[in-house]
Amino acid sequence: MVQKVIDRFCIALSMVMAACLAVMVVLVFGNVVMRYAFNSGITLSEELSRWLFVWMTFMGAIVALKERGHLGTDMLVGKLGPGGKKFCLALSYGLMLYICWLLFSGAYQQTLINWDSTSAVMEVSMAWVYAPGVVFAVLGGMMLLTELLRLLTGQMRDEDLVMVQESEESPHGAGQA
């Protein structure tokens, strides 16, 4: 049930990221054409594109966290038994939750500090630049807690204990069929 909600939410995030990317492309390309062809430009193009990029990056980090798509290495953990893998996975979840807390507290403080400051061009609260850190920390923390609970209650399969996905370019799979 929870996994279906997370899956659907990540699909929705992927659609929002695609829309952000499309808007960014149109804004930047339109601004380049306007500058070179008409010696003018779209004033909010750079600022809005930068803000969309920040939001898109944090949304992508949420999707990558769900898909276990972040970089990692399994050189040590892959050689451990199930108990060692479970310990290392629980330790890594704990560390990631701590980092989410650090990100949350810092981004939240920056959001509050910049609440009344406005951007130069769009004249929108600068809190919107720091808010994606808060959103990522909360959603990422919830995903990590869900996975940690699955691990601690024994609902996680042994194949899921190593959180690294093999890359298609990886030489490890070269000899396997």
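At 73% relative accessibility, does Asn39 count as buried or exposed? I noted that Asn39 counts as exposed, because its relative accessibility is 73% (buried means under 20% relative accessible area, exposed over 50% and partly exposed in between, with a 1.4 Å probe and protein chains only).

Before going on I wrote down that this is a predicted model, in which local features need pLDDT of at least 70 and side-chain atom pairs count only at pLDDT 80 or more, while totals for chains, interfaces and linings use all residues. Residues are numbered from 1 along each chain as its sequence is written, and side-chain values use heavy atoms, with hydrogens and water left out.

Entry on Asn39. I found Asn39 in the loop between helix 1 (2-38) and helix 2 (45-67), where helices are DSSP runs of H or I with at least four residues, numbered from the N terminus. Its phi is positive, about 55°, although Asn39 is not a glycine. Most residues other than glycine have a negative phi.

Entry on Glu123. I placed Glu123 in the loop between helix 3 and helix 4, and read a positive phi near 55° for this residue, which is not glycine either. Glu123 counts as exposed because its relative accessibility is 62%.

Entry on Asn114. I located Asn114 in the loop between helix 3 (82-113) and helix 4 (127-152), and Asn114 counts as buried because its relative accessibility is 14%. Leaving aside residues up to four places away in sequence, I listed Ser125, Met126, Ala127 and Tyr130 as residues that Asn114 touches (contact means heavy atoms within 4.5 Å).

Key: Helix = DSSP H or I, 4+ residues; strand = E, 2+ residues; numbered from the N terminus.
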